[in-house]
Amino acid sequence: MDNEILAAAQKYTQFALTLPEIDADNILGSNIEPELQSALLAVYYATKLEDCIENTSLMLTEKTGSDAVEALTGAMSATEQAIKDAMIIIRRYMDEEPEFAKLVDSLSVTSPSDNLYTELLKLYKSKSIITTAYGYASAHSYSATPEEFIMQHMDIDIDKILDIQLSLVNSIDNMLENHNSR
């Protein structure tokens with residue numbers, strides 16, 4: 001079992017490390033900067049990768065060796081860094097392009113859409129909400145877990161946002177599959 005976890009964790013880490021180099025190949029259109037397209041796709045792929053890592057972590061037992069645990073922790077760290085780097089790029093575009101910032105701010109993560117670009121922006125926005133909430137809760141929670149702090153002190157239903165995030169990932173999966181089958 002340890003070998004399976006180690007192999008998966010190494011694969012996840014390698015994938016996470018390649019995310020900053022992702023080539024969006026103008027999948028969102030030529031009017032959107034390639035760096036922005038790549039960053040939005042990196043958030044999407046890293047979000048999917050988080051789910052893979054979470055599923056693999058279910059294989060951990062008390063008998064799992066420390067190498068496997070450390071490898072999985074390293075994979076999660078690499079994935080979190082990939083998300084952070086991609087989000088910095090997206091935020092930079094928001095700072096530099098007021099119209100883009102207005103578009104992102106105006107989006108509701110629950111609004112219907114059949115547009116890949118919009119779905120990726122909504123995924124970025126939901127990821128931003130989650131990241132901000134956990135960051136704030138971690139910094140201000142001394143006697144509770146971040147989840148408990150969010151539930152008790154913030155007006156955010158983190159489970160609902162995680163469900164929305166999963167729904168957005170599924171929607172993007174379908175859109176990319178349809179795009180690639182053309």
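This is a predicted model: local features need pLDDT of at least 70, side-chain atom pairs count only at pLDDT 80 or more; totals for chains, interfaces and linings use all residues.
Residues are numbered from 1 along each chain as its sequence is written. Local features need pLDDT of at least 70, side-chain atom pairs count only at pLDDT 80 or more, totals for chains, interfaces and linings use all residues, and side-chain values use heavy atoms, with hydrogens and water left out.

**The crossing.** Helix α3 spans residues 66-96 and helix α5 residues 116-140. Helices are DSSP runs (H or I, at least four residues), numbered from the N terminus. The axes of α3 and α5 come within 11 Å and cross at roughly 115°. Axes are lines fitted to C-alpha atoms over the stretch in contact, with angles from 0 to 180 degrees between N-to-C directions. From α3, I83, M87, I90, R91 and M94 make the contact (heavy atoms within 4.5 Å). From α5, Y124, K127, S128 and T131 take part.

**Salt bridges.** The whole structure holds 5 salt bridges. Each is a side-chain nitrogen of Lys or Arg within 4 Å of a carboxyl oxygen of Asp or Glu. Three of them, among others, are these:

| Pair | N to O distance |
|---|---|
| E35 and R92 | 2.4 Å |
| E50 and K127 | 2.4 Å |
| R92 and E96 | 3.6 Å |

E35 lies in helix α2 (residues 34-57) and R92 in helix α3, 57 residues apart. E50 in α2 and K127 in α5 tie together parts 77 residues apart in sequence. R92 and E96 are 4 residues apart in α3, so about one helical turn separates them. Shared partners join E35, R92 and E96 into one network.

Definitions and conventions. Helices (H or I, at least four residues) and strands (E, at least two) are DSSP runs, numbered from the N terminus.
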